[in-house]
Amino acid sequence: MKPIKLSACALAISALLVGCSTSTTESENVKTEAIWADIYVTSQGESSRVIAELNVSSRNGNNIQLSDKDKLEATAAGVTKELEQDDDFFDIDYRAIFNTAEEDTQFTVRFVRSETNETLETTLKLPAPIKIITPQKNQSFYRKETVEINWTPDDATDTILDLRLTITCKNNAGDNTSTGTTVRSIDDDGSYSINLETLDGLVDPQINPKKACEGEVFMERVRHGVLDSKFAESSRARAIQERYSDKFEVRLEQ
């Protein structure tokens with residue numbers, strides 16, 4: 001059995017450990033029922049990316065690195081791929097890209113454990129794609145106006161639609177600063193309005209009112225998947241269609 005080892009996070013910033021996962025555990029050292037999983041597929045258009053993150057016991061547990069006898073693989077549209085390890089400074093996950101993004105495409109993700117002869121299977125089905133119609137490129141709004149957001153609606157009863165508006169401005173020192181709002185579980189009817197006057201960040205005295213700000217809308221349509229019950233409690237599985245709008249202008253002065 002391989003020992004637990006310190007991650008790059010712990011070695012590089014030992015003085016700044018708040019909110020940082022500090023260790024990595026080999027999967028062969030963890031019982032199946034103690035593995036917390038976050039398995040999801042996300043698409044922005046022409047392709048889809050399958051991502052699986054495994055931790056010990058919970059979302060905040062040690063990162064799990066697959067041992068030689070364990071693997072993750074995914075199948076979609078008749079194609080099967082093994083998920084490959086992707087490291088960033090704080091985290092480990094496993095990924096594969098598929099050249100499909102159509103509505104109702106089913107993805108099956110398998111966690112294969114050879115030593116215990118177990119295969120944990122999770123299924124996910126992509127929701128309908130989103131097309132954000134407005135706001136459009138170079139459209140301009142005054143900070144007391146309303147931004148009308150329009151998109152292609154969907155009548156599915158098993159999806160959730162979330163929306164985030166981000167506005168980036170220049171402060172008096174010339175640096176970027178951001179404000180905005182997030183709205184969860186909105187009606188997927190194709191239209192939503194945000195009154196910019198409700199955003200306190202746009203009247204912050206630290207913002208330079210002579211510089212126009214840049215706005216962007218992000219939307220994601222989410223359908224929950226069917227996760228293998230052997231994973232630890234609170235594990236999750238999701239299929240997501242996500243899109244960004246064109247960038248637009250927000251004026252602080254008339």
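This dialogue goes through some features of a predicted model.

Colleague: Into which domains is the protein chain divided?

Modeller: Keep in mind that the model is predicted. The chain is divided into domain 1, residues 25–126, and domain 2, which takes in 131–222 + 243–251. Between the C-alpha centres of domain 1 and domain 2 the distance is 32 Å.

Colleague: How should I read a disulfide, and which residues form one here?

Modeller: A disulfide is a covalent bond between the sulfur atoms of two cysteines. In this structure the count is one disulfide. Cys-169 is joined to Cys-213, with an S to S distance of 2.1 Å. The two cysteines link distant parts of the chain: Cys-169 belongs to strand β15 (residues 159–170) and Cys-213 to strand β18 (residues 213–224), 44 residues apart.

Colleague: Why is the disulfide of Cys-169 and Cys-213 called right-handed?

Modeller: The torsion about the S-S bond is about 110 degrees, so the disulfide of Cys-169 and Cys-213 is right-handed.

Colleague: Are Cys-169 and Cys-213 buried or exposed?

Modeller: Cys-169 is buried, and Cys-213 is buried as well.

Colleague: Now the salt bridges. How many are there?

Modeller: To read one, look for a side-chain nitrogen of Lys or Arg within 4 Å of a carboxyl oxygen of Asp or Glu. By that rule the count is 13 salt bridges. One of them is between Asp-38 and Arg-236, at 3.2 Å from N to O.

Colleague: Which residues are linked with Asp-38 in a network of salt bridges?

Modeller: Arg-236 and Arg-238 are linked with Asp-38 in that network.

Colleague: What is the relative accessible area of Asp-38? And of Arg-236?

Modeller: The cut-off for buried is under 20% relative accessible area. Asp-38 has 5%, so Asp-38 is buried. Arg-236 has 28% and is partly exposed.

Colleague: Which residue forms a salt bridge with Arg-110?

Modeller: Glu-73 does, and the closest N and O atoms of the pair are 2.9 Å apart.

Colleague: What about Arg-95 and Asp-93?

Modeller: Arg-95 and Asp-93 form a salt bridge, with their closest N and O atoms 2.9 Å apart. Arg-95 is partly exposed, at 25% relative accessible area, whereas Asp-93 counts as buried at 7%.

Colleague: Turning to the backbone, where is the cis peptide bond involving Pro-135?

Modeller: For this feature, read the omega angle of the peptide bond. The cis bond joins Thr-134 and Pro-135, with omega at about 5 degrees. Pro-135 is in the loop between β12 (132–134) and β13 (140–142).

Colleague: Which phi value does Asp-104 have? And Ser-185?

Modeller: Asp-104 is not a glycine, yet its phi is positive, about 70 degrees. Asp-104 sits in the loop between β9 (92–98) and β10, and is partly exposed with a relative accessible area of 39%. Ser-185 is not a glycine either, and has a positive phi of about 55 degrees. The loop holding Ser-185 runs between β16 (176–183) and β17 (191–195).

Note on methods. Residues numbered from 1 in each chain as written. Predicted model: local features only at pLDDT ≥ 70, side-chain atom pairs only at ≥ 80, totals over all residues. Heavy atoms only, no water. Buried < 20%, exposed > 50% of the residue type's maximum accessible area, 1.4 Å probe, protein only. Domains from an automatic or database assignment. Helix = DSSP H or I, 4+ residues; strand = E, 2+ residues; numbered from the N terminus. Disulfide = S-S within 2.5 Å.
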